[in-house]
Amino acid sequence: MTKGHHPSTATRRPDRAALFIAVVLGAIAGLIFWDVSRLAGAAGYSQVGPTTVPYAIACCLLALAIWTGFEAFRGDFPERERQEVAPVIWIVGGLAAQMLLLKVAGFSIATGILFALTARGFGKRKLWFSLPVGIVLCFVVWVIFAKLLQLSLPAGPLERLFF
Amino acid sequence: MATFDFLLQGLLVAAQPMNLLYALIGVTLGTAVGVLPGIGPALTVALLLPVTYRLDPGGSLIMFAGIYYGGMYGGSTTSILLNTPGESASIVTALEGNKMARAGRGGPALATAAIGSFVAGLIATLGLAFIAPYIVKLALVFGPREYFALMVLAFVTVSSAFGDSTLRGLTSLFVGLALSVVGIDQLTGQARLSFGVPELLDGIEVTTLAVAMFAIGETLFIAAQGDKGPDKVEAVRGSVWMSANDWARSWKPWLRGTIIGFPIGAMPAGGAEIGTFLSYAAEKRLTKHPEEFGNGAIEGVAGPEAANNASAAGTLVPLLTLGLPTTATAAIMLAGFQQYGLQPGPLLFATNPQLVWGLIASLLIANFMLLVLNLPLIGLWVKLLTIPKPWLYAGILLFATLGTIGANPSVYELGMLLAFGLLGYAMRVFGYPIAPVVVGLILGPLAEQQLRRALAISQGDYSVLFTSPIAAVLLVIAAAALIVPLILRARGRGEVLSQLAANED
């Protein structure tokens with residue numbers, strides 16, 4: 001890990017992504033404070049109730065947010081490798097498609113789409129090939145897990161055609 | 001003597017034909033998944049958890065034991081034949097093992113790893129059987145405050161003692177702890193952080209989080225690196241058998257590795273990595289062939305691989321006797337227990353001795369099976385290594401989502417999977433460790449329960465946490481484990497610690 005000890009970049013430009021993380025951590029702490037404050041008054045005679053631990057966690061998160069912000073200004077975060085965005089979008093798209101289609105299209109078709117789009121993210125461009133392969137593979141998996149191991153995997157038109 | 005009787009009874013349970021079959025399925029699946037590049041033991045166990053959903057607790061835990069040992073085994077094959085330094089506990093094995101494979105000595109490297117794992121697994125599992133009853137006795141005098149202190153120690157060692165940044169380790173841990181608060185409070189029944197969403201009342205599933213962080217986060221991260229050309233798999237040339245010279249040079253490292261690895265795994269210090277590094281250093285110092293180190297010394301495979309497996313068995317000591325997971329793998333195993341309403345700990349030894357001892361005995365059996373299974377089937381495992389990346393990761397996501405759908409077929413659960421997958425990806429990009437999130441999520445509620453019990457007994461007096469000698473000592477060790485690495489890093493001595501980073505286990 002190369003830490004950003006180059007004086008010119010480290011002191012002049014705060015790490016914006018790291019600052020963003022600090023803000024998110026602070027926001028989570030705020031969310032916990034806000035939610036748990038509704039429960040106040042429920043603490044028993046020992047003054048220790050359902051709110052004690054969330055408050056402690058929120059305080060620690062706040063401290064960590066400040067520490068992160070501090071490191072962001074000093075440029076102490078490790079340098080990040082360049083990330084390719086397109087493959088991530090393909091795979092996230094596949095997961096989203098599976099999530100939305102699962103009830104309508106059934107396990108095999110929805111997961112087959114996820115399979116093909118993931119392969120696309122890794123560079124298999126021929127969707128006309130990987131999509132049928134994915135659907136057939138998922139159908140076999142569905143038969144094994146839903147019929148033999150009795151896992152409850154949603155059935156769709158394809159599964160109803162055979163069973 | 002009593003241990004012996006219990007172990008014998010356990011062997012009788014484990015030797016029932018159905019249980020033998022479960023163990024066999026477990027080790028086969030565990031090895032097959034563990035061999036796949038980029039999949040460590042934690043993810044292996046998380047992916048295969050759904051397979052065990054429909055079995056009875058006994059059979060499922062026995063299969064689980066097989067999966068755990070098989071996954072550890074499979075990882076070493078990957079690192080010898082495919083130089084994947086990213087792979088958790090077998091980084092050190094890759095140092096010498098891959099060099100041996102390149103020099104055409106892949107067979108003996110795999111053999112010494114397999115036999116070393118067997119020897120270490122055997123001794124360490126017996127060690128587990130003999131130590132467990134004593135720790136159970138000790139644990140029975142533990143009150144809530146001692147348990148709380150122990151958990152604090154586990155939190156610190158898992159998150160911040162190793163790795164390259166105290167800040168990022170602690171941040172991961174507290175993200176996990178914050179997630180652990182979501183849902184209905186166990187003691188008062190009040191809903192916390194659920195924002196009126198009924199699905200959140202049950203809290204966040206450990207398996208969903210683990211699969212999302214390890215499988216989906218890792219897949220996204222690998223995909224985002226772009227195409228860097230295919231990895232080179234070393235073919236296994238020549239005999240897999242070790243020569244007399246190989247045996248002579250291997251047996252001492254096996255035993256030393258076991259002696260180093262087991263106590264480290266058994267302490268709440270987190271991770272098999274530390275043991276493997278120490279064992280490697282020891283072998284390097286003691287060897288009669290120092291010129292071979294760095295070019296494929298067999299001692300450098302035998303020792304660390306034994307240490308790796310010995311500490312894998314060692315982590316079961318705190319898990320079974322105290323209910324304390326010290327690695328991500330152990331955290332997922334704990335989730336496996338909890339799905340049957342079993343809480344590992346001293347009480348489980350009293351209320352369900354058959355189950356516990358059956359599990360320990362089946363670890364011994366799984367170990368034998370692995371030895372028999374691995375050497376002849378090595379060609380098959382090598383084939384698995386050559387699956388092209390697109391199909392491999394498409395398949396990983398297929399099975400990752402299959403597990404989640406099988407446990408709870410709802411759009412909502414898949415949404416959680418996607419959200420935590422993206423979180424896992426972002427954490428990898430920024431260099432945050434993953435294991436503390438998982439350990440925080442599962443251990444958070446247990447620690448909270450103990451803390452509140454301790455404070456309820458003392459009527460809200462916080463000083464009670466420090467007045468018991470055991471608790472005080474544990475908390476002092478925890479504080480030291482937090483502060484000493486901070487000082488080391490501030491003085492620029494952090495490299496050693498970041499090498500010991502426990503990312504996956």
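## Confidence

In this predicted model, chain B has an average pLDDT of 83, and 91% of its residues score at least 70. The scores for the model are ipTM 0.88 and pTM 0.86. Where pLDDT is low, the predicted coordinates should not be read in detail.

## Contact between chains B and A

Chain B places 50 residues in contact with 59 residues of chain A. On the side of chain B that touches chain A, at least two residues each come from α8 (166-181), α9 (206-224), α18 (389-407), α19 (411-429) and α20 (435-457) of chain B. The most is given by α18(B), which supplies 11 residues.

By class, the residues of chain B on this side comprise 30 nonpolar, 12 polar and eight charged.

## Packing of α8(B) and α20(B)

Two of the helices named above, α8 and α20 of chain B, also pack against each other: their axes are 7 Å apart and the angle is about 40°. The angle lies between 35 and 65 degrees, so α8(B) is oblique to α20(B). The crossing of α8(B) and α20(B) is right-handed.

From α8(B), the contact is made by B:G169, B:S172, B:L173, B:V175, B:G176, B:L177, B:L179, B:S180 and B:V181. From α20(B), the residues are B:P436, B:V437, B:V438, B:V439, B:G440, B:L441, B:G444 and B:P445. The contact of α8(B) with α20(B) has 11 nonpolar and six polar residues, and no charged ones.

Conventions:
Residues are numbered from 1 along each chain as its sequence is written. Chains are lettered from A and ligands numbered from 1 in the order in which they are written. This is a predicted model: local features need pLDDT of at least 70, side-chain atom pairs count only at pLDDT 80 or more; totals for chains, interfaces and linings use all residues. Two residues are in contact if their C-beta atoms, placed from the backbone, lie within 7 Å. Helices (H or I, at least four residues) and strands (E, at least two) are DSSP runs, numbered from the N terminus. Ala, Val, Leu, Ile, Met, Phe, Trp, Tyr, Cys and Pro count as nonpolar, Asp, Glu, Lys and Arg as charged, and the others, Gly among them, as polar. pLDDT is the predictor's confidence in each residue, from 0 to 100. Axes are lines fitted to C-alpha atoms, for helices over the stretch in contact, and angles run from 0 to 180 degrees between N-to-C directions. Angles under 35 degrees count as roughly parallel, over 145 as roughly antiparallel, 65 to 115 as roughly perpendicular and the rest as oblique. A crossing is left-handed if the near helix is turned anticlockwise from the far one by less than a right angle, and right-handed if clockwise.
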